Amino acid sequence: MDRYARWNTLLEILASDGRITVEEAAARMHVSQATIRRDFDQLTQQQMITRTRGGAVANGVSYDLPLRYKSAKRIDEKHRIGEAAAALVGPGMVVGLNGGTTTTEVARSLATRPELVTQSGTTPLTIVTNALNIANEMIVRPHVKVVVVGGVVRPQSYELIGPLASPILREITLDMVFLGVDAIDVKMGAAAHHEGEAAINALMAARARRIVIIADGSKIGGHAFARICPIEKVHTLVTDMSVAREVIDEFEAAGVTVVRV
């Protein structure tokens, strides 16, 4: 288990239990106590936990870990989902992307598709995003026009949220929007843990002709705090093979096209 994976696990434990000792953490992750002590010290320096004698306690730890620590989870599935989702995009389209590790994989796949490179005088692929990391990756691609909405940065996801994003989004139309979500359920629809992210995602969805939800199997059937859109608005769900066939049948019965990779 690499450092970021350990940090992810430690923060999830603290978010759930409130505290953990060095001995418990070392035993659960099969590493030395010295390694755990270094992890605790580094997380304390970043003000993500509070160090105690013999362990650590939660320091307002969020269930939404900063994006740079998330990539170790289900990376193979997210890469396949990103490639399958990017295959839905054609030349000259206007595509919306919110933040997250899975949408970042979509962006990377879009950036490397040679058939999307336009000739001089033709309409380029346009990416509209509220995610700073995605904009940073795409801006160096000469065949992509990048539009970044305004707002206040949320460090956990690198997303711009808040009312400053609304004026731009209300004036544009998207051919397709790819939304990474914290949960999607046939009855409850697509949702996010943070209400600010959900509000921007909902506005992006409202401006899109086609809504594509990208979510690995851990997000399917779950619930989150703030709804993005009802299932009736979702056109396509791109997920992985870990989702049971009967669950896929429920989404398809609700009118959602499901792509499993």
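This is a predicted model: local features need pLDDT of at least 70, side-chain atom pairs count only at pLDDT 80 or more; totals for chains, interfaces and linings use all residues.

Reader: Why is helix α1 called roughly perpendicular to helix α3?

Author: Helix α1 (residues 3–17) packs against helix α3 (residues 33–45) at an angle of about 75°, and their axes lie 11 Å apart. Because angles of 65 to 115 degrees count as roughly perpendicular, α1 is roughly perpendicular to α3.

Reader: Which residues make the contact between the two helices?

Author: From α1 come Arg3, Arg6, Trp7, Leu10 and Leu11, and from α3 come Thr35, Asp39, Phe40, Gln42 and Leu43. Sorted by class, the contact of α1 with α3 holds five nonpolar, two polar and three charged residues.

Reader: What makes β10 and β13 edge strands in the sheet?

Author: The open sheet has three strands in the order β10-β11-β13, with antiparallel pairing. β10 (183–185) and β13 (226–229) each have a single partner strand, so one side of each lacks a neighbour in the sheet. From one strand to the next, the twist averages 35°.

Reader: How do you know that β10 and β11 pair?

Author: Two strands pair if at least two bridges are found between them. β10 and β11 (residues 189–192) have three bridges in the antiparallel sense, and therefore they count as paired. Ile184 stands opposite Ala190 in β11.

Reader: Which helix lies across β11 and β13?

Author: Helix α8 (residues 195–206) lies across these two strands and runs at about 10° to β13.

Conventions:
Residues are numbered from 1 along each chain as its sequence is written. Side-chain values use heavy atoms; hydrogens and water are left out. Axes are lines fitted to C-alpha atoms, for helices over the stretch in contact, and angles run from 0 to 180 degrees between N-to-C directions. Helices (H or I, at least four residues) and strands (E, at least two) are DSSP runs, numbered from the N terminus. Angles under 35 degrees count as roughly parallel, over 145 as roughly antiparallel, 65 to 115 as roughly perpendicular and the rest as oblique. Contact means heavy atoms within 4.5 Å. Ala, Val, Leu, Ile, Met, Phe, Trp, Tyr, Cys and Pro count as nonpolar, Asp, Glu, Lys and Arg as charged, and the others, Gly among them, as polar.
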